[in-house]
Amino acid sequence: MNFKPIEEAKKFYTAQMLSKFIYNVHEKQLSKELRLLDDKTRCLTNFELVKTPLNNTFIHIKGCIEFNANERIPIRSLDSLGYKTGGICDIKITYFFKQHDVHTTRLFGKTSNILTGYITFIEPISTRSDYCDRLNLIATIPFSNDNDINHAVYCFSNTPQIKCILLKCKLQYNIPFNSRDKAVEQLNKLYETKHGTPLLYEFMKGFYTDVELDENNNSFAIHHYGIRDIQQSQLISAICSDTLLVTATGAAGTGKTHCIITAVLNGIHHGKTFLIVCPNNKSCDSLLDTLFKWEPYLLPVLLLRSDSDLVTHPDKYDRSERYYFEELLYNFIDTMDDTDKEIVLKYKEYKSSYDTLRERAPTTYTREYLYNLDFSLRQLSIVESMLPGLVMRYCRPKLLVTTTNYILNDIKQEYTTPGIDTIIFEDASQITTSIALLILSKFPNSNVRYLGDWNQLPPPELYDPTLNDYEKTVSMPILKWMNNNKFTHKFELENNHRSHPQIVNFLSTLFYNNSLDAMTLENDYNFENIIFKNVYDSQTEQTSKIHPYYFFNIPHMSNQSTRTSSHDVKEATSIAILLLYLKTAGIEKNRIAIMCLHDAQVRTIQSELDNFLTNYASHLFIEVHANTIQEDLIIQDLRNFSSIGTPDSFQGQDFDYVIISTSTSKETSSEILKEFYELKIRICNSISKAKLGFFILGDCDTLKVNPYWMNIISYMKSKDTIRPFQMSSLREIFHRRLRFDDYFNYFF
């Protein structure tokens, strides 16, 4: 996206005006999500309790939702309706009892039968093109202070008496302030801190200050963890310093995450505290994967994640808040005063009592047993509310990792009160200005670091047509404004240490104004059994360069799925064939990702891949029976292939090989090309995740209508890397024939 400086006429007249428009943006976003959310209470049919270990702290309810044929619900709209993995839902269990039975009211004297659950699995079933007829799902009810999962367990122990289970989707988050006045009050406090000058300088009309840029250098020596260039070294020192504002921009592979982790490890060693804020849980997990790969036993890390997010993004490294409560706090018992020691011991006692009651549940639940459960749960909840303060007092985590949504909606005051030395906004090009300022208002005395890439996906709020100019200003990425701020120490990372040199040149030429330099060597890469094109290098007049990418031209009709999205069955089958060739060439499936530029194509590829493998396996069995053991293993392995999604679903990840599905043809509407493909950053985002090579599939003639695709196709044509998708091309590239190639003749 082309970001321009704020015009003076569009700046805010007062700080209060800025605060009010920040509140307006969040109010509009909430209203928009509420309008899209399915407001109907749905009946869950064919329900059953999915068994879990007895001592588990959650239960699973499996069932099916039937949609009315007249509703015409597109499959791709299920996410916005609330039917998505991690989505929050209200669950109400109603059941039959004799009139005046004591169990007709909610157990334990609570006023409602409604429990809070999280959708952990969805499977849309469709018999009408792209519309969803029914939805198989699993909803999880975790232990929490507000839930009583014992009530649900009791109901399921009396399953014949259950009348029905009702489910209704809920919004996951709310506006962080109760009113506009509260937002103004909170943000005004931020403007009075050291952050006030750079913020008001950037956003207020006619704001003048004679304050100069601070230059507080780092006061300790930096230990470099495999540091690779001077740009990274300078950025690491700046992150560790006491400078108020630091920004860094760089393409994927230039070492932004490397610099963050190196700086954090150095800072922790010298007693500094850090908060890393990511736009989503995938970014958090990617960062933690790298951190614990370097330092597997790093203890002072606290992962802050909601119950619903822990269901879909589990705590892999035992650093969540609950793990601190149940395990780590007990390690500090000898250092605590008597009062705090008693709290921890009571928590252990009540947790053990509650677990024991769960494990020793009678065959038939009795009223006495249920009330014992309730009493134990109440004790446990009261004591647990005291534990966050003890975590900060005794465990003293030096690094907190979380998402923007968690800080705005769920973070406990005990985690914000001590203050944080440095806040690092990871992928700051995806974090809006309004969200960043609201987060800063909770940590007004912290130094701030913004790191990101201009050619990564921007915040979706930017595309809300209801926003006025002022609201769009605070919906812009915070990195955009702070990177141009005169009070900021600005860094640009231009050396790519990850991808093949010719992929770096490809990205540099087409997306980064020739600013990227490849720090990798062609001899460092082994392409196994794939033959990529050698192109004569006119500059050296000697060396032939390997260009590890191909564009497979597929000129045929696609199926338009929705107004702004399309899917292509034949292209999906082509990808299945290409995936089979890659697998037989020795490329493991975890090294490959399929990235779809349209949401509708994701499900099409998933479906066609399964159909193709089933048919191919049947063909092999009929033709050669037992002589296909190797092919059978390959087919079975590919059946579990899960790395299929849109570019934003692979946040923070990279792969050796990337397959990019455009799902366009001569039949693709001009509206789709206009509204979607002008976002060249989606294309760049997909290609930049490839380390060794990539393959693009689509219709060249159609794509050339768009100027960005025209540049890409012209560049690849100059390198002679455009091929028709046919058997001769695949045999040339992979230097092999699959067993019974004649099976593919019908396709080609």
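Contact means heavy atoms within 4.5 Å. I applied this to the pair α20 and α27 in the predicted model: Ile577, Leu578, Tyr581 and Leu582 in α20 meet Met727, Leu730 and Phe734 in α27.

**Entry 1. Helices α20 and α27**

I sorted the residues of this contact by type and found seven nonpolar, no polar and no charged. I then looked up the geometry of the pair. The axes of α20 (residues 569-584) and α27 (residues 727-734) come within 11 Å and cross at roughly 25 degrees. Angles under 35 degrees count as roughly parallel, so α20 is roughly parallel to α27. I noted the crossing of α20 and α27 as right-handed.

**Entry 2. Helices α11 and α13**

Helix α11 covers residues 338-359 and helix α13 covers residues 387-395; their axes come within 11 Å, with a crossing angle of roughly 125 degrees. The two helices are therefore oblique to each other. For handedness I recorded that α11 and α13 make a left-handed crossing. On the α11 side I listed Asp340, Ile343, Val344 and Tyr347, which meet Leu387, Leu390, Arg393 and Tyr394 of α13. By type, the residues of this contact comprise six nonpolar, no polar and two charged.

**Entry 3. Positive phi values**

I looked next at backbone torsions. Most residues other than glycine have a negative phi. Arg396, which is not a glycine, has a positive phi of about 50 degrees. I located Arg396 in the loop between α13 and β10 (399-403). Is Arg396 buried or exposed? Its relative accessible area is 55%, so Arg396 is exposed.

Asn514 also has a positive phi, near 60 degrees, and is a residue other than glycine. I placed Asn514 in the loop between α19 (501-511) and β15 (517-518). With a relative accessible area of 57%, Asn514 is exposed.

**Entry 4. Tyr406**

I found Tyr406 in helix α14 (residues 404-409). Tyr406 has a relative accessible area of 3% and is therefore buried. Which residues are in contact with Tyr406, leaving aside its neighbours within four places in sequence? I listed Leu304, Arg305, Ser306, Ile411 and Lys412. For Leu304 I also looked up the separation from Tyr406: the two are 102 residues apart in sequence, and their C-alpha atoms are 7.5 Å apart in space.

**Entry 5. Nonpolar cores**

I examined the largest nonpolar core, which has 103 residues. The members that touch the most other members are Tyr83, Ile91, Leu135, Phe425, Leu437 and Tyr450. Helix α1 (residues 15-36) contributes the largest share of this core, eight residues. A second, separate core has 44 residues, among them Ala572, Leu582, Val602 and Phe612.

I then took Tyr450 by itself. Not counting residues up to four places away in sequence, Tyr450 touches Leu245, Val246, Thr247, Ala248, Phe425, Ala428, Leu440, Ile478, Leu479 and Met482.

**Entry 6. The whole chain**

The protein chain has 748 residues, of which 56% count as buried. I noted 27 helices and 25 strands in its secondary structure. Among contacts in the chain with a separation of 6 or more, 79% are between residues 24 or more positions apart.

How values were computed: Residues numbered from 1 in each chain as written. Predicted model: local features only at pLDDT ≥ 70, side-chain atom pairs only at ≥ 80, totals over all residues. Heavy atoms only, no water. Axes fitted to C-alpha atoms, helices over the stretch in contact; angles between N-to-C directions. Helix = DSSP H or I, 4+ residues; strand = E, 2+ residues; numbered from the N terminus. Parallel < 35°, antiparallel > 145°, perpendicular 65-115°, else oblique. Left-handed = near helix turned anticlockwise from the far one by under 90°. Nonpolar A, V, L, I, M, F, W, Y, C, P; charged D, E, K, R; others polar. Core = buried A, V, L, I, M, F, W, Y, C linked by side-chain atoms within 4.5 Å. Buried < 20%, exposed > 50% of the residue type's maximum accessible area, 1.4 Å probe, protein only.
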